[in-house]
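Try each task on the structure before reading its solution.

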Amino acid sequence: MDDAIRIERLSKTFDGGRKVLDEVALRIAPGEMVALIGASGSGKSTLMRHIAGFIQSDPQPSYIDILGRPIQRDGRIVREVRSIRTDLGFVFQQFNLVNRLSVITNVLTGTLSRVPLWRSLLFLFTHEEKAQALAALAEVGIGELAYRRAGTLSGGQQQRAALARTLIQRAKIILADEPIASLDPESARKVMDLLKRLNGEHGLTVLVSLHQVDFAMKYCARTIALHRGHVVYDGPSSALTPHLLRHLYGSDAEELLAPAALNELEQNATPRTGLEAEVGTQRGAASMSAELPAVSPAVSAMPGNEASWSAKVEPRPAARPRFARRAS
Ligand SMILES: Nc1ncnc2c1ncn2[C@@H]1O[C@H](COP(=O)(O)OP(=O)(O)O)[C@@H](O)[C@H]1O
Ligand SMILES: [Mg+2]
C-alpha cells in the first residue's frame, strides 16, 4: 500500500539564506496518527506547508508524495496540486473559518472542489450537501450551532467546525498545525479526542503538530520531533522522557514540557546529564502567523454535480440565510 505521506530529502532555504528544513525524510502509513513536535521556529509549519504544496522546496532531488501521488518533485509543485489537495484536510491554530459566514457555510466550503465553480462562487449548495454538512456538524458535536456565525463560536467549537469541513471534503489525511495551541485545556482535550476519533473510526491519517509533548504522548503512538529543521527523533511517543527531550532540544525542551506533564514525567526521569550542552540553545525566530485562507476562490471547478440545488446558504454575507432557523 502507498504511504499516506512520503518525504525524501526535503530541504528549504528561505530568501535570507537560512535553512529551515534540512534533508527531512519521513513516511506515514495510512491510518496512523502522528504527532509532530518541536519548539517554536523548529520548522513544523514550514513542513506542513510543503506537504500541502503551498510552498516549494529547494531545487534539489527530493520528493513529497501524498497517497502515492507526487505533490512536489525536486523543488517543483506538480500541476495537479489542487486535485491532490482534495485528499488533504487542514486545521490551523487560528481556526481559519470565515467569521462572518455561518458555521454550515464554512463547512460546506469543504465541498468546493467537487461543485461547479459558478455554484461555489454563489455559495449555492444542494439539499444533499447541506444534509451532509449538518451530519458532519452533528458528528463533531456542534450540530446545534450550524446557523450561528462562525465568529461567535468558541475556539474549540471553531476547531470542531474545521474538522467537520474536512469530513465533508472527504479528506483522507488531516494536517493539523497546532490545532490546540490557542485553546484552554478542556477544549484542547476535546479537539484531540475528536481527532483521535476521526482517526480511529473514519480511518483518517492524522499529522498533528503540537507544542507540548504531553498531548503527543497521550494521543499519538508515534512522534516525529523537529529541531532546527532536522528530524531529531521519530519513534514511539512513550519514549520521549524529559531526559531525552533535554538531550534533543537543550533549553528549548522546557517549551515542550508543560508544567503539569513535567511534574508527572519527572517522577520517572533519569537525572540530567551534560548532554544537553551539546545541543544549541538559541531559539528560532517567531513562527509565522499567517496561514492560508480556508476558502480559496480559485478552487478548481469540477463539472457536473447533477443533484438539483435549491436554497442559497448565504448570497451575501449580510443577508440572513433563507432557510436558517435561529439557534435557540
Ligand atoms: N516565509 C518565510 N520566510 C522566511 N523565513 C521563514 C518563512 N516561514 C518561516 N520562516 C522561518 O522558518 C523557521 C521555522 O518556522 P516555522 O516552520 O513557522 O516553525 P514552527 O511552526 O515550528 O514554529 C522560523 O525561523 C521562521 O522564522
Ligand atoms: Mg508553526
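**Exercise 1.** State the order of the strands in the open sheet of 6 strands and find its edge strands.

Solution. The order is β7-β9-β10-β3-β11-β12, and the pairing is mixed. Strands here are DSSP runs of E, at least two residues long, and helices are runs of H or I of at least four, both numbered from the N terminus. Two strands pair if DSSP finds at least two bridges between them. β7 and β12 (230-236) each pair on one side only, which makes them the edge strands. Direction ignored, neighbouring strands of the sheet are turned by 15 degrees against each other on average; the axes are lines fitted to C-alpha atoms, for helices over the stretch in contact, and angles between N-to-C directions run from 0 to 180 degrees.

The model is predicted: local features need pLDDT of at least 70 and side-chain atom pairs pLDDT 80 or more, while totals for chains, interfaces and linings use all residues. Residues are numbered from 1 along each chain as its sequence is written, and chains are lettered from A and ligands numbered from 1 in the order in which they are written.

**Exercise 2.** Follow the pairing from β7 through β9 to β10.

Solution. Begin with β7 (residues 88-92), which runs parallel to β9 (residues 173-177) and is joined to it by 5 bridges. Val91 has Ala176 of β9 as its bridge partner. Next, β9 pairs with β10 (residues 205-210), again in the parallel sense and over 5 bridges. There, Asp177 stands opposite Ser209 in β10.

**Exercise 3.** Which residues of β7 are buried on each side?

Solution. A residue is buried if 20 or more other C-beta atoms, placed from the backbone, lie within 10 Å of its own; it is exposed at 12 or fewer and partly exposed in between. One side of β7 has Leu88, Phe90 and Phe92, and the other has Gly89 and Val91, all buried.

**Exercise 4.** Check the length of α5 (residues 127-139) and locate its buried residues.

Solution. The expected span is 1.5 Å times one less than the number of residues. For the 13 residues of α5 this gives 18 Å, and the end C-alpha atoms are 18 Å apart, so the two agree. Glu129, Lys130, Gln132, Ala133, Ala136 and Leu137 are buried in α5. They cover an arc of only 160 degrees around the axis, so they lie on the same side of α5; the arc is that of the directions from the helix axis to the C-beta atoms. Just after α5, Gly141 has a positive phi of about 90 degrees.
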